[in-house]
Amino acid sequence: MPLKEINILGKHGKQFVPDLEMVELTPLFRGRPIIGTNITEEEKNKVISLCPVNAINNSPFCIDMGKCLFCNECHFALPEKINFTNDYKIATNDRSKLIIQAGQDIPIKINPDKIRKEIKSFFKHALKLRQVSAAGDNSTEMELNAAGNVNFDMGRFGIEFVASPRHADGIVITGPISQNMAEPLQICYDAIPEPKLIILAGTDAISSGIFAGSKALNRSFLDKYNIDLYVPGNPPHPLTFINGVLNLMKNKK
Amino acid sequence: MTKIYYEITSNPSSIKLTDIPVLSYSEFQKTVDELMSVESNHCLNYFAFPLSDKYKFVCCIGDDETKKIIILSHEQPKTKDISLESITAKHFQFHVFEREIYENYGIYFSNHPWLKPIRYPFNRSNLENKISNYPFYSIDSEELHEVGVGPIHAGIIEPGYFRFICNGENVLHLEIHLGFQHRGIEQLFLEKQSVLQQTILAESIAGDTTIAHSIAYSLLAESLANKTISEELSIERTIALELERIAIHIGDTAALCTDVAYQLGQVINEALRTIIINTNQFWCGNRFGKGLIRTCGSHYPLTKEIIEIIKNNLNEVEQRYLQITDRIFTLPSVLARFETIGKVTKKQASMIGAVGIGARSSGLKRDTRWSHPFLQYDKINYEPIVLPKGDVWSRAMLRKMEVLKSVAIIKELLNKYDNEKIIDNPNYDLKFEPYFIAISMVEGWRGEICHTAITDNKGKIIHYKIKDPSLHNWMALALAVRGQEISDFPVCNKSYNLSYCGNDL
């Protein structure tokens with residue numbers, strides 16, 4: 001009988017991505033945007049009013065990736081002047097680095113000064129995370145699951161999701177945080193031993209995305225703690241998450 | 001004889017709100033009773049909304065055989081302590097709709113056997129009801145024990161609370177308590193009136209059903225604005241919808257293998273799902289199809305290159321999926337955990353108004369693509385796959401068969417597709433008909449999705465109602481585990497893979 005299994009495996013071949021830091025995604029993938037410097041006031045106002053989540057602001061003109069849903073509508077309105085590159089390495093621990101200004105074309109990095117002392121050396125070799133979906137739409141959750149699958153296999157770096165908060169070194173929050181999940185989220189966080197990380201995965205978690213202003217949300221949890229990593233995307237690509245966490249663990253600048 | 005209901009025969013449809021006859025409640029009850037005695041009828045939607053000094057109740061009943069949707073209504077003055085006789089007592093599938101109306105507006109249904117909260121929305125009528133204090137059913141017995149799971153589960157999934165009453169290892173009763181995912185999405189449809197914002201809201205109803213829900217919204221908005229779409233755009237949307245179905249069905253095949261500890265089945269199917277969602281990413285830049293479906297047009301028309309990629313990837317996936325599923329469905333250790341487990345009979349499925357996978361795996365021929373065809377489905381002679389047994393095996397097998405069918409549908413449509421034709425750019429400047437009601441239905445991978453919108457005298461949406469198939473089918477999961485060992489819960493759960501946020505909205 002195992003012959004059949006071997007046959008299937010033979011056909012299946014090797015599926016893992018050997019180097020997760022060198023992958024190039026399809027050209028249409030929408031990652032870090034680049035904004036031209038020659039945008040007129042009229043064009044600015046056009047895309048500012050078009051943006052469904054107020055991620056584009058004036059003075060100075062910029063796109064906030066923490067709010068952006070990567071819907072690409074501003075690009076289609078100004079195809080020559082706003083472009084989303086396929087650079088998926090957009091996770092950082094510095095919220096202000098997610099704001100991209102006109103003419104800016106530099107990779108998004110970790111800010112080493114913002115890494116808390118108590119976690120700096122603690123999680124270099126292994127990191128166990130507890131995920132909490134707080135009204136996430138299930139797309140980010142599926143991408144986080146995919147980060148551990150046969151293709152991306154982040155387990156090779158010692159990064160794993162665990163069932164119990166007692167076994168975890170940190171919490172990964174997805175979704176805009178509903179009122180109805182506020183208490184369970186707090187209970188779960190409290191159950192994780194110190195020192196512990198907080199990672200926000202997906203635009204919904206970072207800024208509540210399209211749900212901004214909904215009366216069904218309660219984001220007060222986020223006011224209380226330091227956020228250790230922001231992973232933008234709608235949903236974030238597994239590679240965005242893995243590279244972000246790796247850079248944080250290794251204190252890569 | 002005066003007309004007692006309005007019949008529509010096309011999907012999507014928009015009609016004047018005043019065209020729907022208003023019945024007295026007793027007439028309404030009697031008519032519903034008559035309609036529900038026909039086996040092929042089921043309730044698509046039943047909701048209430050405030051309209052000046054009244055509550056207007058709209059009920060849509062779909063006929064699987066005649067392609068009709070019957071719409072009927074009644075109105076009640078906005079007084080305190082409205083109490084109506086429950087329809088649920090006779091026709092159980094109304095339970096969730098009456099519960100929703102009670103929760104939202106405090107309109108009481110007498111003789112309702114299970115008048116419990118369904119999602120604890122922020123704008124519920126009674127804010128004293130707290131989500132931490134859900135009224136669980138319990139049995140007072142020294143022989144029994146209760147098992148509570150949730151709202152946060154062991155894996156990376158959405159939150160929901162399951163409470164089992166068990167006799168030893170056997171489940172007597174499961175109660176599913178949801179609402180943790182409530183984001184107020186229906187209210188946001190009223191607050192964000194731009195068509196682009198509403199499209200993005202529709203994409204976010206349930207991230208695993210991005211394409212189906214955004215198609216439902218687009219069809220509804222286009223119908224409400226009197227716009228027709230080109231044949232090519234319709235083909236593209238159908239292809240996207242079937243790709244979504246293939247991706248999730250393969251992913252769920254993987255999940256089912258995980259839960260019966262067949263690791264090879266799991267990893268191979270995970271890798272196959274990756275190929276499909278990467279096809280989506282190649283087409284529109286997003287693995288879930290966010291950004292692909294837009295009103296009246298598309299930013300991502302199919303090109304020769306994309307068509308080639310879709311064809312090649314489908315061939316590859318079809319071949320390898322056949323190979324691994326042949327193994328899965330002949331392996332005794334897998335079959336022992338699939339066969340006769342989690343049975344829901346045809347009668348039960350019919351009573352609870354099950355849709356989609358939950359209906360077709362229990363012998364009910366219910367599929368919007370066949371009963372109320374939209375986009376390309378009336379042109380391809382689509383015939384649903386129905387399996388009679390209602391167990392986990394049937395739901396797993398149905399997924400396999402539907403994957404193969406979806407591959408065939410996409411290939412047929414690609415052959416028809418003329419990529420020389422130019423696809424329009426999206427149009428967000430839509431003017432909706434005033435004082436209208438619009439309905440659109442889409443068969444997502446889980447089953448029947450129904451969106452309904454009502455406009456005021458200026459064409460502004462004043463009520464938006466979303467129905468995800470999960471709303472009906474959560475009850476099927478509760479029934480499936482009755483009499484099973486509690487260890488069979490995970491595999492029963494995965495066989496349905498229902499949406500939490502689709503229910504909680």
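A few ground rules come first. Residues are numbered from 1 along each chain as its sequence is written, chains are lettered from A and ligands numbered from 1 in the order in which they are written, and side-chain values use heavy atoms, with hydrogens and water left out. As the model is predicted, local features need pLDDT of at least 70 and side-chain atom pairs count only at pLDDT 80 or more, while totals for chains, interfaces and linings use all residues.

To begin with the interface, 61 residues of chain A are in contact with 63 residues of chain B, contact being heavy atoms within 4.5 Å. The two chains bury about 5,100 Å² between them, and 59% of that is on carbon and sulfur atoms; buried area here is the accessible area (1.4 Å probe) that two parts lose on being put together, summed over both. On the chain A side, the residues that lose the most area to chain B are A:Ile8, A:Asn180 and A:Ile210, together 13% of what that side buries.

Five salt bridges are counted between chain A and chain B, a salt bridge being a side-chain nitrogen of Lys or Arg within 4 Å of a carboxyl oxygen of Asp or Glu. One such pair is A:Lys215 with B:Glu191, where the closest N and O atoms are 3.7 Å apart. Helices (H or I, at least four residues) and strands (E, at least two) are DSSP runs, numbered from the N terminus. The residues on that side of chain A divide into 32 nonpolar, 18 polar and eleven charged; Ala, Val, Leu, Ile, Met, Phe, Trp, Tyr, Cys and Pro count as nonpolar, Asp, Glu, Lys and Arg as charged, and the others, Gly among them, as polar.

Chain A also holds an open sheet of three strands, in the order E2-E3-E5, with antiparallel pairing. Two strands pair if DSSP finds at least two bridges between them. Strand E2 (56-57) and strand E5 (99-101) of chain A are the edge strands, each pairing on one side only. Strand E3 (residues 62-64) of chain A is joined to E5(A) by three bridges, and A:Asp64 has A:Ile99 as its bridge partner there.

Over in chain B, five of the seven residues of strand E10 (residues 161-167) are buried, so the strand is largely enclosed by the rest of the structure. Buried means under 20% relative accessible area, exposed over 50%, and partly exposed in between (1.4 Å probe, protein chains only). E10(B) is joined by five bridges to strand E9 (residues 145-149) of chain B, running antiparallel, with B:Val147 partnered by B:Phe164. Seven antiparallel bridges link E10(B) to strand E11 (residues 170-177) of chain B. The hairpin of E10(B) and E11(B) has two residues between the strands, and B:Gly168 takes a positive phi near 65° there.

Helix H2 (residues 95-105) of chain B is largely enclosed too, because nine of its eleven residues are buried. Among the buried ones are B:Phe97, B:Arg99 and B:Ile101, and their cover includes helix H1 (25-36), strand E4 (41-51) and helix H14 (470-480) of chain B. Just after H2(B), B:Gly106 has a positive phi of about 75°.

B:Asp64 sits between strand E5 (54-63) and strand E6 (69-77) of chain B; B:Asp64 is buried at 4% relative accessible area, and its side chain makes a polar contact of 3.0 Å with that of B:Arg366. B:Gly285, between helix H7 (263-284) and helix H8 (304-328) of chain B, is buried as well, at 4%, and its contacts beyond four places in sequence include A:Leu28, A:Phe29 and A:Arg30. B:Lys458, by contrast, is exposed at 66% relative accessibility, and touches B:Lys431 and B:Pro434, not counting residues up to four places away in sequence.

Terms used. A polar contact is a pair of N or O atoms within 3.5 Å; within protein, one must be able to donate a hydrogen and the other to accept it, and residues adjacent in sequence count only if both atoms are side-chain atoms.
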